[in-house]
Amino acid sequence: GTFATNGCALVKKIPLEKKTSLSSKLQGSANLKLVPTTMRPLTEEETKTFFEKLSKYIGENIRLLIDRPDGTYCFRLHKDRVYYVSEYIMKRAANVSRENLISMGTCFGKFTKTGKFRLHITALDFLAPYAKYKIWVKPGAEQTFLYGNHILKSGLGRITESTNQYQGVVVYSMSDIPLGFGVAAKSTQECRRTDPMSIVCFHQADIGEYIRAEDTLT
């Protein structure tokens, strides 16, 4: 099918003949149920899981994503994916049926079948400005990271002081360009004395995915 944008919402266009057919069915069947709501707020459990994941990277700065001076923003769930969307776009997307709405706003990630939340690289632009812990990679190690590999001590340029082991970190180039995010494999102190071939950051996501996995990103 063909696609069209509705503000920042991507929707699937319905051919004219299908619209006519659908209209006839609606008029001819009093028992026909309406299409389910296109999106919904997160449940209390989903919100807890989602915010716990976000807090690993930006801590209490989560509130800055909600309390914005430029408008009202919120998180909405659609087909297991969590979207960060303005109230304006959300209201427009509400007019699109669930089966035709592909995405809206910015996708932060998705819930797995086991209920865990996985952050997507598409959330990077909102994680980077508020990141509390960062890792900078040397120019020679950038490409390796952008191919989905972990960061070794030999490729480590800098790391935020007081970073604990298993802390969520945003990964930057030495020129302060956000490249992705990961989890610190070692604390700041451990990084200083570990050998060059030790992993210092476990890869989670990188901007190379826009090329490697463009078909699955929304």
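Trainee: What percentage of the 218 residues of the protein count as buried?
Mentor: This is a predicted model, and a residue is called buried when its relative accessible area is under 20%. Of the 218 residues of the protein, the share that counts as buried is 41%.

Trainee: How many helices and how many strands does the protein have?
Mentor: Both kinds of element occur in the protein. The tally is eight helices and 14 strands.

Trainee: Over which residues does the pLDDT stay below 50?
Mentor: The protein averages a pLDDT of 84, and 82% of the residues score at least 70. Where pLDDT is low, the predicted coordinates should not be read in detail. One such stretch, with 22 contacts beyond four places in sequence, has a pLDDT under 50 over residues 2–8. Another, with 24 contacts beyond near neighbours in sequence, has a pLDDT below 50 over residues 11–37.

Trainee: What distance does helix H2 reach from its first C-alpha to its last?
Mentor: Helix H2 covers residues 44–58, which makes 15 residues. At 1.5 Å a residue, the expected span is 21 Å. The model comes close to that value, with a reach of 20 Å.

Trainee: What arc around the axis do the buried residues of H2 cover?
Mentor: The buried residues in H2 are Glu 46, Thr 49, Phe 50, Leu 54, Tyr 57 and Ile 58. An α-helix has 3.6 residues a turn, so residues three or four places apart point the same way.

Trainee: Which exposed residues does the face of H2 turned away from its buried side carry?
Mentor: A residue counts as exposed when its relative accessible area is over 50%. On the face of H2 turned away from the buried side, the exposed residues are Glu 44 and Glu 45.

Trainee: Are the rings of Phe 108 and Phe 126 stacked, edge-to-face or tilted?
Mentor: Two rings pair if their centres lie within 6.5 Å, and the count comes to 14 aromatic pairs. The centres of Phe 108 and Phe 126 are 5.7 Å apart. Planes under 30 degrees apart count as stacked and those over 60 as edge-to-face. The planes here stand at 35°, so the pair is tilted.

Trainee: How many residues apart in sequence are the parts that Phe 108 and Phe 126 tie together?
Mentor: Phe 108 belongs to strand E7 (residues 106–111), and Phe 126 belongs to helix H5 (residues 124–127). Phe 108 is also buried, at 0% relative accessibility. The pair therefore ties together parts whose separation in sequence is 18 residues.

Trainee: What distance separates the C-alpha atoms of Gly 109 and Ala 123?
Mentor: Gly 109 lies in strand E7 and is buried, with a relative accessible area of 0%. Beyond four places in sequence, Gly 109 touches several residues, including Asp 80, Phe 117 and His 120. Ala 123 is 14 residues from Gly 109 along the chain, and their C-alpha atoms are separated by 7.4 Å.

Trainee: Is Asp 80 buried, partly exposed or exposed?
Mentor: Asp 80 is found in the loop between strand E4 (71–78) and strand E5 (81–86). Although not a glycine, Asp 80 has a positive phi of about 70°. Its relative accessible area is 46%, which falls between the limits of 20% and 50%. Asp 80 is therefore partly exposed.

Conventions: Residues numbered from 1 in each chain as written. Predicted model: local features only at pLDDT ≥ 70, side-chain atom pairs only at ≥ 80, totals over all residues. Heavy atoms only, no water. Phe/Tyr/Trp six-rings, centres within 6.5 Å; stacked < 30°, edge-to-face > 60°. Helix = DSSP H or I, 4+ residues; strand = E, 2+ residues; numbered from the N terminus. Buried < 20%, exposed > 50% of the residue type's maximum accessible area, 1.4 Å probe, protein only. Contact = heavy atoms within 4.5 Å. pLDDT = per-residue confidence, 0-100. Expected span 1.5 Å × (residues − 1).
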